[in-house]
Amino acid sequence: MKNITVIGSGTMGNGIAHTFAQSGYQVSLVDINEAALQKALQTISGNLDRQIKKGTIDEDAKTATLNNIKTYTDAYEGAMSADLVVEAATENREIKLQLFKQLSEVCKPGAILASNTSSISITEIAAVTKKPGNVIGMHFMNPVPVMKLVEVIRGYATTDAVTQTIMELAVTLGKEPVEVNDYPGFVANRILMPMINEAICTLFEGVAGVTEIDTVMKLGMDHPMGPLQLADFIGLDVCLAILKVLHNGFGNPKYAPCPLLVNMVTAGHLGVKSGSGFYKYTPGSKDLVVADKFI
């Protein structure tokens with residue numbers, strides 16, 4: 001494993017590219033939008049600067065990391081030499097299926113195709129490719145350079161050899177891989193999203209306010225971040241998409257998204273990414289200010 005292609009340069013994509021590049025891999029970062037690629041490089045550079053300030057790396061390491069990353073707007077050009085492709089595109093089933101079908105055509109025969117999906121079936125994704133055995137889930141946590149967990153999801157056809165390769169690869173990144181099987185939400189989001197959804201329902205039903213709900217979970221359960229703040233951080237649109245996958249996959253009403261979450265996403269209040277969710281977000285400010293109202 002030398003050449004890594006990362007598809008998508010958003011929050012997860014640039015974090016994954018950063019992590020591989022800092023570990024010495026040659027990274028091709030692919031996005032259809034050139035401006036998004038440049039923004040991703042700026043983000044990576046800024047995050048490396050924070051690591052320098054903390055004393056975890058030096059300037060030479062920053063330079064080497066950035067030199068390990070090349071950007072492409074053409075998927076064929078960016079993925080044709082890849083040993084591993086990690087897809088980090090938007091959490092949309094149709095987009096992922098179309099992308100993996102294309103990758104199966106352009107990548108070399110032995111390439112491993114991994115998805116960073118939060119909830120979409122690896123088995124279904126693999127089924128549209130030429131070699132389902134080479135398809136696997138590699139679910140990183142946000143922020144990728146910091147969080148240790150990689151949830152490694154085996155599709156129905158994923159081979160033992162591919163699984164072992166990805167488990168070992170994650171260790172070289174300084175991560176701790178955990179192997180799980182392919183069912184809706186896997187492990188992380190099957191447990192996390194119902195908790196977030198219940199916190200939103202608790203707010204929706206007037207049991208307590210935003211600050212109160214998050215404080216109870218932080219002080220009472222020793223969580224570093226309350227569930228409503230965490231939902232903002234993940235993106236309320238992403239939370240909604242995952243809950244829909246869980247609801248459709250299991251057919252259990254306990255996974256039905258709270259109406260408040262649906263309304264907020266419909267209104268464009270997506271959390272940190274939009275500047276407003278359960279809290280308001282002002283660039284440069286670290287203060288948590290509760291949003292005006294919830295309907």
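This is a predicted model: local features need pLDDT of at least 70, side-chain atom pairs count only at pLDDT 80 or more; totals for chains, interfaces and linings use all residues.
Reader: How is a pair of aromatic rings described?

Author: In general, a pair of aromatic rings is characterised by how far apart the centres are and by the angle of the planes. A search of the whole structure returns three aromatic pairs. In one of them, Phe20 and Tyr25 are arranged edge-to-face, with 5.5 Å from centre to centre and 80° between the planes.

Reader: Why is the pair of Phe20 and Phe140 classed as it is?

Author: The planes of Phe20 and Phe140 stand at 70° and the ring centres are 6.4 Å apart, so this pair is edge-to-face, given that angles over 60 degrees count as such. It links distant parts of the chain, since Phe20 belongs to helix H1 (residues 11–22) and Phe140 to strand S6 (residues 135–140), 120 residues apart. Phe20, Tyr25 and Phe140 together make up one aromatic cluster.

Reader: Are Phe20 and Phe140 buried or exposed?

Author: Phe20 has a relative accessible area of 0% and is therefore buried, and Phe140, with a relative accessible area of 2%, is buried as well. As a general idea, nonpolar side chains in soluble globular proteins tend to be buried together. In this model, the largest nonpolar core has 33 residues, of which Ile16, Phe20, Leu84, Met138, Phe140 and Ile166 touch the most other members. Beyond its neighbours within four places in sequence, Phe20 is in contact with residues including Ile4, Val27, Val86, Leu169 and Leu173. Another core, of 26 residues, lies apart from that one, and Met193, Ile196, Leu261 and Tyr279 are among its members.

Reader: Which elements do the buried residues of H10 pack against?

Author: The buried residues of helix H10 (residues 227–234) are Pro227, Leu228, Gln229, Ala231 and Asp232, and they pack against helix H8 (188–204), helix H9 (210–221), helix H11 (236–250) and strand S9 (279–280). Just after H10, Gly235 adopts a positive phi of about 110°.

Reader: Which residues does the UniProt annotation "binding site" cover?

Author: According to the unreviewed UniProt entry, this annotation covers a set of residues that includes Ser9, Thr11, Asp31, Glu91, Lys96 and Lys273. Thr11 is placed in helix H1 and is exposed, with a relative accessible area of 53%. Asp31 sits in the loop between strand S2 (26–30) and helix H2 (34–54), and at 16% relative accessibility it counts as buried, because the limit for that class is under 20%. The side chains of Asp31 and Ser9 are joined by a polar contact of 2.8 Å. Leaving aside neighbours within four places in sequence, Asp31 is also in contact with residues including Gly8, Tyr72 and Thr73.

Methods
Residues are numbered from 1 along each chain as its sequence is written. Side-chain values use heavy atoms; hydrogens and water are left out. Rings of Phe, Tyr and Trp (its six-membered ring) pair if their centres lie within 6.5 Å; planes under 30 degrees apart count as stacked, over 60 as edge-to-face and the rest as tilted. Helices (H or I, at least four residues) and strands (E, at least two) are DSSP runs, numbered from the N terminus. Buried means under 20% relative accessible area, exposed over 50%, partly exposed in between (1.4 Å probe, protein chains only). A nonpolar core is a set of buried Ala, Val, Leu, Ile, Met, Phe, Trp, Tyr and Cys residues joined through side-chain atoms within 4.5 Å. Contact means heavy atoms within 4.5 Å. UniProt positions are given in the numbering used here, feature names are shortened, and annotations may be inferred rather than shown by experiment. A polar contact is a pair of N or O atoms within 3.5 Å; within protein, one must be able to donate a hydrogen and the other to accept it, and residues adjacent in sequence count only if both atoms are side-chain atoms.
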